[in-house]
Amino acid sequence: MSVQRSSSPNSVWDSIPGIAFGGDYNPEQWPVDVRLEDIELMKEAGVNLLSVGIFSWALLEPKEGEYDFAWLDEVLDNLAAAGIKVALATPTAAPPAWLVRKHPEILPVTADGTVLERGSRRHYSPSSAVYRKYAAGITRKLAERYKDHPALALWHVDNELGCHASEFYGEEDAEAFRRWLERHYGSIEGLNEAWGTAFWSQHYSSFEEIIPPRAAPTTLNPTQRLDFQRFSSWALMDYYRTLLAVIREVTPHVPATTNLMVSSGTRSMDYFDWSENLDVVANDHYLVTADPEREIELAFSADLTRGVAGNKPWILMEHSTSAVNWQPRNQPKRPGEMLRNSLAHVARGADAVMFFQWRQSAAGAEKFHSAMVPHGGRETRVWREVVGLGEALGKLSAVKGSIVESRVAIVFDYEAWWASELDSHPSEDVKYLNVLREFHRSLFLRGVTVDFVHPTADLSSYGLVLVCTLYCVTDEAAANIAGAAERGATVLISYFSGIVDERDHIRLGGYPGAFRELLGIRTEEFRPLFEGEETVLSDGTRGRIWSEHVHLDGAEALASFTTYPLEGVPAITRRSAGTGSAWYLATLPDREGIERLVDKLLTEAGVAACAEAAAGVELSRRVQADGRSFLFAINHSREDAAVKADGEDLLGGGRFGGVVPAGAVAVIAED
Ligand code: GAL
């Protein structure tokens with residue numbers, strides 16, 4: 001359900017010339033002379049968009065009902081005079097001390113009953129009626145004061161909803177959970193049936209008996225957990241909508257968003273579900289510095305963000321110029337890495353590149369976190385690179401608004417992520433992303449762009465559709481995936497997919513129930529592998545984590561297990577379906593096995609790389625509605641790399657010469 005509005009908000013893109021560039025701005029941490037210097041430095045770097053006021057509540061309303069907007073007036077006026085637009089934050093991610101002292105019941109409660117105190121941030125439960133009232137109150141004050149301010153281009157609602165804690169177990173949360181269940185199931189009988197409460201004497205006589213899945217002696221009811229996960233994602237979004245309703249009422253012309261945390265590590269919020277409430281999708285992304293393949297994780301996150309955004313341009317709301325402060329060891333980015341990271345996001349659909357934060361803090365918990373203006377000021381590599389990035393983005397205006405081109409879809413489902421990783425399953429090593437990330441990595445390294453799509457999305461434009469560990473699936477989604485194969489796509493489904501329905505009930509009659517017919521196979525028993533155990537397939541592939549006893553029922557075996565006790569049992573199968581095909585993969589292949597399989601799938605689907613390029617070059621193509629196309633070639637290696645493309649070199653100027661220097665990026669406006 002989306003919040004009603006009296007008129008459509010403007011587009012944030014209309015108010016900013018070219019690609020947006022900037023970051024979180026926390027001027028309240030600095031005296032006036034520094035704030036004035038900030039404006040000069042912002043102009044020097046080419047900044048045109050800032051998120052302001054994210055953690056300012058205690059200064060904006062130092063006592064209940066007593067407001068001080070003078071400093072924010074000055075900041076916004078100066079930014080407007082400099083032509084810089086603002087994503088104005090509701091300062092609601094950190095309630096002030098007076099509010100918590102008056103209403104300690106707003107504090108979050110964990111599954112074991114611990115109350116999380118103030119002293120850091122995000123110390124509220126989104127289901128607290130009192131908190132919602134106060135948060136809506138300060139939002140209204142801000143909206144009324146700044147509704148016509150020339151700097152205001154976007155609302156930045158709260159901050160990273162679900163960060164630090166995303167599930168809340170207090171009494172008020174329990175009450176909201178009950179009401180959510182009541183709306184969802186209609187009757188307690190419906191819930192009993194869905195939750196399978198005949199098991200372990202869990203039958204309920206009324207919704208009032210229900211509690212969240214708090215700490216308990218052993219395995220909790222899996223459907224209760226799955227529903228609580230659904231509810232928890234909904235509760236955060238419902239809180240967002242409370243603030244959005246105020247924003248829509250007072251400033252119907254101003255678009256609104258909140259910064260998501262789409263990445264391989266964030267699973268608690270169903271961002272596909274959330275996206276309908278966002279006028280533009282915004283994402284925060286941080287590299288894990290110790291990951292030697294961090295550019296691939298970045299691409300994964302950016303591709304998934306684009307999927308959540310429905311393939312429309314999105315905002316990279318935060319990333320870091322260099323080191324963060326919250327990993328065990330925080331190394332700075334390598335020379336040129338920030339530019340590569342930033343343009344990789346643009347290559348994958350971002351039309352805004354922003355950072356946490358503008359000026360590195362002198363005090364507080366994040367003083368060792370990098371920023372656009374480092375502690376060392378202008379005489380630093382980071383500052384020079386920030387200015388260089390501003391210049392580069394300035395040359396990419398023609399790319400703005402274009403769409404990323406892709407003929408490969410990976411089906412992505414947060415519910416399957418949650419459900420597949422519940423406990424008391426055949427193997428705790430089965431992780432939702434295991435197979436999925438291997439395929440994405442292989443395609444990344446080949447220069448083939450991947451779209452992430454919801455299981456019910458339109459799949460008609462894809463030649464290849466990959467369905468990985470889609471453990472729970474609705475009838476509608478299963479039919480959608482089968483339809484893609486029938487209509488000509490090559491569809492691959494990996495193990496532990498289609499096992500249960502949306503209630504987490506087994507689809508009986510042999511696995512994988514939802515896809516048995518499409519695949520032409522039937523599995524009678526799973527045989528997960530022990531840690532370190534491998535199985536070998538007849539084509540040389542080495543499998544880890546999983547094997548199973550597959551029978552053919554219309555499909556042909558492309559490779560079989562060769563190891564006891566599954567010798568001769570099919571491991572990779574294929575069935576022609578309509579004008580397409582349906583493949584099954586019954587283990588997690590090693591890297592060579594994945595390469596072999598991806599070769600075959602791409603050949604059958606007729607999908608090729610964006611361009612020919614040397615190893616180490618990341619490729620992506622964005623296309624404008626009028627047909628102009630832009631090839632992004634990002635050289636992650638430390639050697640110059642050849643790329644076959646003809647056109648204008650937007651960053652370097654002149655014709656593209658066929659080589660991207662070591663560590664550099666080329667954006668080619670193709671002939
Ligand atoms: C984000 C957060 C920012 C800042 C940043 C540091 O999660 O939104 O406020 O804390 O991390 O990396």
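Me: In which helix does arginine 441 have its place, and does this residue count as buried or exposed?

Reply: In this predicted model, arginine 441 has its place in helix H14, which covers residues 433-446. Residues under 20% relative accessible area are called buried, and arginine 441, at 13% relative accessibility, therefore counts as buried.

Me: Which residues does arginine 441 touch, leaving aside those up to four places away in sequence?

Reply: With those sequence neighbours set aside, arginine 441 touches Glu293, Ile296 and Arg591. The C-alpha atom of arginine 441 is also separated by 8.3 Å from that of phenylalanine 300, although the two residues are 141 residues apart along the chain.

Me: What share of the contacts in the chain joins residues at least 24 apart?

Reply: Counting contacts between residues at least 6 apart in sequence, 72% join residues at least 24 apart.

Me: How should I read the side chains of a strand, and which way do those of S14 point?

Reply: In a regular strand the side chains alternate between the two faces of the sheet. In S14, Thr490, Leu492 and Ser494 point one way, whereas Val491 and Ile493 point the other way, and all are buried. Because five of the five residues of this strand (residues 490-494) are buried, S14 is largely enclosed by the rest of the structure.

Me: In which sense do S13 and S14 pair, and over how many bridges?

Reply: Strands of a sheet pair through backbone hydrogen bonds, either parallel or antiparallel. Strand S13 (residues 464-467) pairs with S14 in the parallel sense, over four bridges, and leucine 466 stands opposite leucine 492 in S14.

Me: Where do S16 and S22 stand in their sheet?

Reply: Three strands form an open sheet in the order S16-S17-S22, and the pairing is antiparallel. Strand S16 (535-536) and strand S22 (588-589) stand at the edges with a single partner strand each, so one side of each is left without a neighbour in the sheet. Strand S17 (residues 542-544) and S22 pair over two bridges, and the bridge partner of arginine 544 in S22 is leucine 588.

Me: What radius of gyration does the chain have, and how does that agree with a compact globule?

Reply: For 671 residues a compact globule would have a radius of gyration near 26 Å, and the chain agrees because its own value is 26 Å. The C-alpha trace spans about 75 × 70 × 45 Å along its principal axes, and 60% of the 671 residues count as buried. The chain has 17 helices and 28 strands.

Definitions and conventions. Residues numbered from 1 in each chain as written. Predicted model: local features only at pLDDT ≥ 70, side-chain atom pairs only at ≥ 80, totals over all residues. Heavy atoms only, no water. Rg over C-alpha atoms; globule rule 2.2 N^0.38 Å. Buried < 20%, exposed > 50% of the residue type's maximum accessible area, 1.4 Å probe, protein only. Contact = heavy atoms within 4.5 Å. Pairing = 2+ DSSP bridges.
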